[in-house]
Amino acid sequence: MKAAVLREVNQPLEVEEVGIDKPGATEVLVRTGASGVCHSDLHFVEGLYDMVMPAILGHEAAGTVEAVGELVTYVKPGDRVILCLSVFCGHCERCLGGRPVLCSRLGVVRSPKDPPRLSQGDTPFTQMANLGSFAEQMLVHEHSLVKVNDDLPFEQLALIGCGVTTGLGAALNTAKVEPGSTVAVIGCGGVGLNIIQGARLAGALRIIAIDAVETKLSMAMEFGATDVVDASGGDVDKKVRDLTDGGVDYSFEAIGKKETAEQSFAMLRAGGTATIVGMIPQGTKIELDGPSFLREKRIQGSSMGSNRFRTDMPRYIEFYKQGRLMLDELVTQRMKLDQVNEAFADMKEGHVARSVITF
Ligand SMILES: [Zn+2]
Ligand SMILES: [Zn+2]
């Protein structure tokens with residue numbers, strides 16, 4: 001099958017022929033229908049996070065089941081599925097405690113002793129997030145996917161696989177935004193827009209969108225923001241405190257930078273909670289104002305929207321069908337696999353919500 005391969009950081013991905021194994025007992029072979037291009041993919045291209053290469057990036061996908069291992073009963077060939085990187089084992093302490101997103105993930109990936117899922121001759125290939133969706137096919141554990149009973153286009157379903165779930169989940173599951181509260185969202189790309197939608201669904205009274213790009217701020221208003229702050233003018237946290245009664249109840253950082261993470265904490269009112277959603281580069285340290293903790297200000301991380309994706313994702317589809325969740329507007333452009341490097345270039349320019357690769 002064809003896949004876009006990363007062989008070296010800061011180099012373009014090349015489309016190559018890559019071998020894919022047959023499903024093991026608990027694995028599923030999926031024919032990729034569509035894959036979003038997410039900022040986290042770019043982090044690996046730029047070497048901000050380590051990855052063993054050669055690697056196949058991509059982790060926001062939907063497709064059709066082609067074959068299943070002998071122990072798989074959840075899906076059958078022909079079923080349409082959304083993939084999720086939050087593969088869960090189902091029996092560790094975190095899974096049983098209701099937080100499968102923090103699963104220890106033992107037994108859900110192949111061990112180095114097993115034949116690799118993907119390879120070229122003797123060379124094993126890394127699957128980003130155990131998925132690797134910049135490829136015509138994906139071989140995954142059965143606990144990496146959720147069945148979809150609707151005929152929604154793959155582009156929309158793919159976005160639910162990461163950006164939508166990460167954003168909505170940060171607001172609904174991680175921060176548990178309360179009705180009538182005030183919210184600020186730093187960064188209005190694919191994930192930030194979904195945090196805004198999540199805050200809207202939760203009933204937030206004020207939703208302040210913060211970004212340095214004008215077009216993103218106008219999109220943020222469409223997605224439910226009530227106010228915008230243009231970050232290019234500086235003094236972001238002061239502007240948010242001035243717009244509100246001394247700060248917001250909930251802030252979200254959806255960029256992944258030290259400066260904006262610190263801003264997210266500085267714009268809280270007493271008792272407020274900052275949630276870091278962006279992928280902050282390895283080795284980065286965050287500095288916070290110590291006395292703020294006496295005012296019960298909190299800061300926390302959110303991993304993939306603290307999802308329980310097999311229940312969350314079908315709900316998001318229902319929200320969409322009811323007209324309460326915007327998905328179509330997130331798909332800025334459709335591309336082919338060999339255009340993936342253009343998608344990264346457009347992402348760096350900052351004018352797309354999402355580029356989606358269709359197969
Ligand atoms: Zn992602
Ligand atoms: Zn587990």
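**Exercise 1.** How many helices and strands does the protein chain have?

*Solution.* The structure is a predicted model, in which local features need pLDDT of at least 70, side-chain atom pairs count only at pLDDT 80 or more, and totals for chains, interfaces and linings use all residues. Residues are numbered from 1 along each chain as its sequence is written, while chains are lettered from A and ligands numbered from 1 in the order in which they are written. Helices (H or I, at least four residues) and strands (E, at least two) are DSSP runs, numbered from the N terminus. The protein chain has 9 helices and 20 strands.

**Exercise 2.** Determine the strand order of the open sheet of 6 strands, and its edges.

*Solution.* Step one: strands pair if DSSP finds at least two bridges between them. The order is 15-14-13-16-17-18, with parallel pairing. Step two: strand 15 (227-230) and strand 18 (298-301) each pair on one side only and are the edge strands. Step three: strand 17 (residues 268-276) is joined to strand 18 by 4 bridges. I276 has G301 in strand 18 as its bridge partner.

**Exercise 3.** State what share of the 359 residues of the protein chain is buried.

*Solution.* A residue is buried if 20 or more other C-beta atoms, placed from the backbone, lie within 10 Å of its own, exposed if 12 or fewer, and partly exposed in between. By this criterion, 51% of the 359 residues count as buried.
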